[in-house]
Amino acid sequence: MTIEEQLEKYFNVTNAVCTSLNTLANDAISIETPDSHFALKLYNPASRTIDEVRWELELTLHLLQRGAPIAKPLHGKNGYVETFIVDGCERTVALFEWAPGEKPRPQESTYTLLGKAAAQIHQAADSFTSSLPREIYDAKELIDEQLHRMKDPLVQAGKLSEVSALGERMKQILKDSSLDYGICHMDLTLDNVHRDKDNLTVFDLDSAGACWRAIEPYGVLKFSEKAFNAWLKGYRSFRSFSAKDERAVYAFVIIGEIRNVVWKLGLAKSSRGEPLLKPSDLPAVVREWLDWERDRRWHNTFCA
């Protein structure tokens, strides 16, 4: 059956026009009908089992019930998670209402809304529990596992010892038990939100899991400190974000980028297609990490 026929069979969506959104880790398709607009997500079987997808949908429904600004999933014939046959292969799928608005511009007001959305998600997620499997983003997963995955490229680049030592310094920061820890979106960028006037809708919880909350805005800080201050303003308008958590974000710029580089090297479970980085690119990347660590006073604060 075609995707259109399976949409009708499992979700009662008829007269669908399907357009690929050319996404990276999973496949996403815009589904338009004469009176509705949806997003169909086809999960990468190399990175997500059907039970892990069910966990994501359980979390999504929990967040929605508690007022978090999340795109709403549609119930299918067998629940919120279905299985389609695409190009002869089974694909786990979920269908969501299209988030209103469009991808926002990187301006101060957008980052304020993004910070508030993060706080709403964190607040709602604090009461979430599930018996279904999901990875936990602890120091082993965030640092040890990532360095193990990229060991060979680091050896080729002559940077293994420097990055291993950097990882050990980052792990010392994560030992602070006062840092806020709980379920995070883990990929809360402008690529995963739509803005409609002063309303933000968040989607793509594929990476969500338990982690230090200070990881959530690391990409915002990496973009600019002005954007990060706007994010903090939005977050703190709804929920506390301590001074220690704020300082820890500077460390998570490195920790988060280590995960990102593993993905770009084609070594993550969710990596697909041609790698975006080569081992020969790593010396410049590592130099950037070490420069970031050296130039920020947060390091002395944590390691004194």
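**Close-up A. Salt bridge between E135 and R48 in a predicted model.** E135 and R48 form a salt bridge, with the closest N and O atoms 3.0 Å apart. A salt bridge here is a side-chain nitrogen of Lys or Arg within 4 Å of a carboxyl oxygen of Asp or Glu. E135 sits in the loop between α3 (108–125) and α4 (139–149), and R48 in the loop between β3 and α2 (50–65), so the pair ties together parts that are 87 residues apart in sequence. Helices (H or I, at least four residues) and strands (E, at least two) are DSSP runs, numbered from the N terminus. R48 is buried at 8% relative accessibility. E135 is partly exposed, at 21% relative accessible area. Buried means under 20% relative accessible area, exposed over 50%, and partly exposed in between (1.4 Å probe, protein chains only). The model is predicted: local features need pLDDT of at least 70, side-chain atom pairs count only at pLDDT 80 or more, and totals for chains, interfaces and linings use all residues. Residues are numbered from 1 along each chain as its sequence is written, and side-chain values use heavy atoms, with hydrogens and water left out.

**Close-up B. The salt-bridge network that includes E135 and R48.** Salt bridges link R48, E52, R134, E135 and D206 into a network. Across the whole structure, a search finds 26 salt bridges.

**Close-up C. Salt bridge between D204 and K41.** The closest N and O atoms of D204 and K41 are 2.7 Å apart. D204 lies in the loop between β8 (199–202) and β9 (209–212), while K41 belongs to strand β3 (residues 37–42), so the pair ties together parts that are 163 residues apart in sequence. D204 is partly exposed, with a relative accessible area of 27%. K41 is buried, at 8%.

**Close-up D. Salt bridge between E168 and K171 within helix α6.** The side chains of E168 and K171 meet at 2.9 Å, N to O. Both residues belong to helix α6 (residues 160–174). They are 3 residues apart, which means a separation of about one helical turn. E168 counts as partly exposed at 41% relative accessibility. K171 is buried, with a relative accessible area of 17%.

**Close-up E. Aromatic pair of Y181 and W212.** The structure holds 12 aromatic pairs. Among them is the pair of Y181 and W212, which is edge-to-face: 5.0 Å centre to centre, with 85° between the planes. Rings of Phe, Tyr and Trp (its six-membered ring) pair if their centres lie within 6.5 Å; planes under 30 degrees apart count as stacked, over 60 as edge-to-face and the rest as tilted. The pair links distant parts of the chain, 31 residues apart: Y181 in strand β6 (residues 181–184) and W212 in strand β9. Y181 is partly exposed, at 34% relative accessible area. W212 is buried, at 9%.

**Close-up F. Cluster of aromatic rings.** Ring pairs join F228, W231, Y235, F241, Y250 and W292 into a cluster.

Close-up G. V86 counts as buried at 16% relative accessibility. V86 touches I3, L42 and R91, not counting residues up to four places away in sequence. Contact means heavy atoms within 4.5 Å. V86 and M1 are 85 residues apart in sequence, yet 8.3 Å apart in space, C-alpha to C-alpha.
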